[in-house]
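Trainee: I've got a model open and I'd like to learn how to read its helix packing. Can you walk me through it?

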Amino acid sequence: MMSMTQEIDQNVIHDEFIRLIKAHDYSYMYSEDNDVWAKAKASMNSIGSMLGVLVGVCRIDPKELLDECLGMYTNEGDYHNLVRSEIKRFFKPYEFEDLGPEYDSAGFTEEDRIVDGQYRVICEHSFVDVNNDGLEQCRFCNEQNKN
């Protein structure tokens, strides 16, 4: 076991962190197998611990480390979007100026979908008005529903 006085080799920790980021099963939440979930949870705990050491002890800039991790997954597509979203979650405790919104599979943010704790229906027409009750409604859909 390493004592507090021993020097930490941040390159070794950094390389192991990157290896864990690459090896993590980002699609675990789609599995019905408890072993897959348990393995992913253990991996997430390891990633979180190493990230804490890199930022807290080694004083690596979390924003630069996030950019490095996201840079490994630059292709467009559902899987890379999922990976980037999950990687951003690891870095949430380290509050940056702006990580950008997280998008769901339909391309909407939570802010787009939830208003006052209620799910909001997103209309494809974008002719939205606020009705007498203060609720958003599409002029086109309302007119169609009246007929």
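Here is the walk-through, from the overall fold down to single residues.

Mentor: Keep in mind that this is a predicted model.

Trainee: Fine. How many helices and strands does the protein have, and what pattern do they follow along the sequence?

Mentor: There are six helices and four strands. Read along the sequence, they go α-α-α-α-α-β-β-β-β-α.

Trainee: What share of the residues is buried?

Mentor: Of the 147 residues, 24% are buried. The exposed surface comes to about 10900 Å², and carbon and sulfur atoms supply 49% of that. As for contacts between residues at least 6 apart in sequence, 47% join residues at least 24 apart.

Trainee: Now the helices. What describes two packed helices?

Mentor: The angle between their axes and the distance between the axes.

Trainee: Which residues in H1 and H2 meet?

Mentor: On the H1 side, look for Gln10, Ile13, His14, Glu16, Phe17, Leu20 and Ile21. Their partners in H2 are Ser46, Ile47, Met50, Leu51, Val53 and Leu54. By class, this contact of H1 with H2 has nine nonpolar, three polar and one charged residues.

Trainee: And how do H1 and H3 cross?

Mentor: The axes of H1 and H3 come within 11 Å and cross at roughly 40°. That makes H1 oblique to H3. The crossing of these two is right-handed. His14, Phe17, Ile18 and Ile21 from H1 meet Leu65, Glu68 and Cys69 from H3. Sorted by class, the contact of H1 with H3 contains five nonpolar, one polar and one charged residues.

Trainee: Let's move on to the loops. Where is Thr74 found, and is Thr74 buried or exposed?

Mentor: Thr74 is in the loop between H3 and H4. The cut-off for exposed is over 50% relative accessible area, so Thr74, at 54%, counts as exposed.

Trainee: Which residues is Thr74 in contact with, leaving aside its neighbours within four places in sequence?

Mentor: His80 and Arg84. Thr74 and Arg84 are 10 residues apart along the chain, and their C-alpha atoms are separated by 8.6 Å. Arg84 also belongs to the H4 side of the contact with H3.

Trainee: Last one: what is the phi value of Arg59 near?

Mentor: Phi of Arg59 is near 60°, a positive value in a residue other than glycine. Arg59 lies in the loop between H2 and H3, and is exposed, with a relative accessible area of 67%.

Conventions:
Residues are numbered from 1 along each chain as its sequence is written. This is a predicted model: local features need pLDDT of at least 70, side-chain atom pairs count only at pLDDT 80 or more; totals for chains, interfaces and linings use all residues. Side-chain values use heavy atoms; hydrogens and water are left out. Buried means under 20% relative accessible area, exposed over 50%, partly exposed in between (1.4 Å probe, protein chains only). Contact means heavy atoms within 4.5 Å. Accessible areas come from the Shrake-Rupley method with a 1.4 Å probe; for residues, only the protein chains shown count as cover. Axes are lines fitted to C-alpha atoms, for helices over the stretch in contact, and angles run from 0 to 180 degrees between N-to-C directions. Angles under 35 degrees count as roughly parallel, over 145 as roughly antiparallel, 65 to 115 as roughly perpendicular and the rest as oblique. A crossing is left-handed if the near helix is turned anticlockwise from the far one by less than a right angle, and right-handed if clockwise. Ala, Val, Leu, Ile, Met, Phe, Trp, Tyr, Cys and Pro count as nonpolar, Asp, Glu, Lys and Arg as charged, and the others, Gly among them, as polar.
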